Amino acid sequence: MRAERAERLRGVLRAHGVPALLITGAENVRYAVGFWWSEFQLQAAYALFFAEHEPVVFAPAGSYHQMPDQAPWIPHWRIARSWMGGTVSEGAAAEEAKLFADGIAAELSERGLVGEPLAVSEFDNRAIEALTAQDIEVRAGLPLLMESSRIKTQDEISCLKMVASISTNAFMQALESLRPGVLQSKVAREVKRASEEAGAEFGASKVMAGPLAFERGISGSDRRLEYGDLAYVLTCGTSFLGYTACLYRQYVVGRSATAQEQGLYSELHDRMDTVIGELRPGSSTADVAAHFAPASKFGFADEAELLTIEYAHGIGLVNVGSRFVHYNYPIINRQWSLRYPEEIEEGMVIAVEGIEGQHRGGGVRTESMVVVTADGPELIDHFPRDEILVAGAI
């Protein structure tokens with residue numbers, strides 16, 4: 001997997017005429033060179049990846065002397081230069097930024113790349129200005145990473161199937177933990193722990209119930225579960241070798257769902273199945289997006305009000321500044337996909353999610369992960385999704 005990802009990324013660099021890519025973000029570096037560290041701050045470490053040379057990893061202080069023998073396939077190690085996100089004095093930050101740029105320029109010069117463009121991803125303005133001061137032509141690097149990670153290797157698909165399987169343990173725990181009188185936060189902790197006990201590198205979960213379940217309660221909001229609450233549980237951010245789940249399941253607490261609630265969920269489930277059915281090679285993101293509910297269905301004025309709650313998104317290791325959910329190409333919604341369609345390709349892994357309900361009246365939610373195969377969409381999460389699940393029945 002490590003070799004296949006690196007070769008894919010080299011191919012993208014060659015295709016764009018860019019000989020080198022400077023990247024930060026532990027998961028992005030992990031994608032390129034196959035090595036990861038526990039990241040406490042962006043730019044504390046980074047890597048220089050080449051189309052025709054072995055990479056150089058600029059390791060974080062505190063781990064620099066431990067890393068080389070743990071990752072013997074990386075031949076070149078340097079100490080990273082960091083201004084701690086700008087929390088140091090202006091003079092110290094300026095000095096560190098110059099040392100950072102000097103180090104990059106020296107590596108480029110050693111490989112005969114003076115005057116060649118350098119793609120850069122996830123660095124701040126100070127870093128870009130320091131590189132430019134070295135007469136380095138800086139180009140956007142994130143689109144190259146996203147292009148490389150658009151199609152998953154078989155091993156990457158296996159990792160995503162593994163984290164979907166791990167989520168089965170998490171959703172089973174939710175069945176046991178969702179009970180009248182229990183705080184949402186307690187359920188989320190128990191679901192997270194169940195993921196980690198099942199083999200997750202990191203477990204993650206949130207619970208939204210009752211009036212907080214439509215659209216989505218404020219992050220960190222908490223309440224005590226009441227008898228009869230509709231509640232959804234997510235495992236988004238739960239990871240295996242850096243590959244994360246993005247899944248929701250829907251529950252009702254303490255009783256069976258009413259016919260009205262089942263009807264609401266059936267409407268949502270059928271709509272998501274229709275969306276999933278379009279995820280086949282040769283379809284476009286416009287074909288897929290046409291089946292999502294329009295904003296007007298919920299009384300919203302703008303399709304932007306449905307971003308991240310009624311849409312689909314690629315998922316993989318590459319991310320934009322967050323370890324928890326790794327959005328990849330394509331992002332599919334009515335907000336832009338109808339006007340700017342992209343092709344659905346074999347090997348994409350796409351999470352599909354939607355919502356039904358009313359403000360402060362509660363709602364239902366579901367999300368599944370899909371591999372696009374030559375024969376069409378393949379669901380890779382197997383925990384029941386066809387109906388509202390009854391938890392904590394009295």
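## Second largest pocket

On a 1 Å grid over the protein atoms alone, a pocket is an open set of points where a 1.4 Å probe fits, with protein on both sides within 12 Å along at least five of seven lines; lining residues have an atom within 4 Å of a point. Grid points are joined across faces, edges and corners, and a volume is the space filled by probe spheres set on the points. This is a predicted model, in which local features need pLDDT of at least 70 and side-chain atom pairs count only at pLDDT 80 or more, while totals for chains, interfaces and linings use all residues. Residues are numbered from 1 along each chain as its sequence is written, and side-chain values use heavy atoms, with hydrogens and water left out.

The second largest pocket has a volume of about 250 Å³. Its lining consists of 13 residues, and Leu230, Glu261, Leu264, Gly361 and Gly362 lie nearest the centre. Two or more lining residues come from each of helix 8 (259-277), strand 14 (349-358) and strand 15 (362-373); helix 8 gives the largest share, three residues. Helices (H or I, at least four residues) and strands (E, at least two) are DSSP runs, numbered from the N terminus. By class, the lining has two nonpolar, nine polar and two charged residues, where Ala, Val, Leu, Ile, Met, Phe, Trp, Tyr, Cys and Pro count as nonpolar, Asp, Glu, Lys and Arg as charged, and the others, Gly among them, as polar.

## Nonpolar cores

A nonpolar core is a set of buried Ala, Val, Leu, Ile, Met, Phe, Trp, Tyr and Cys residues joined through side-chain atoms within 4.5 Å; buried means under 20% relative accessible area (1.4 Å probe, protein chains only). The largest such core has 70 residues, of which Leu178 and Tyr251 touch the most other members. Helix 6 (residues 154-177) supplies the largest share of this core, eight residues. A second, separate core has 24 residues, including Ala20, Tyr46, Phe100 and Ala130.

Leaving aside neighbours within four places in sequence, Tyr251 is in contact (heavy atoms within 4.5 Å) with residues including Phe171, Leu178, Leu230, Phe383 and Ile388.

## Ser368

Ser368 is found in strand 15 and is buried, with a relative accessible area of 1%. Its side chain makes polar contacts (N or O atoms within 3.5 Å, one able to donate a hydrogen and the other to accept it) with the side chains of Asp381, at 3.4 Å, and Arg385, at 2.8 Å. Not counting residues up to four places away in sequence, Ser368 also touches Leu247, Arg249 and Ile276, among others.

How values were computed: Buried < 20%, exposed > 50% of the residue type's maximum accessible area, 1.4 Å probe, protein only.
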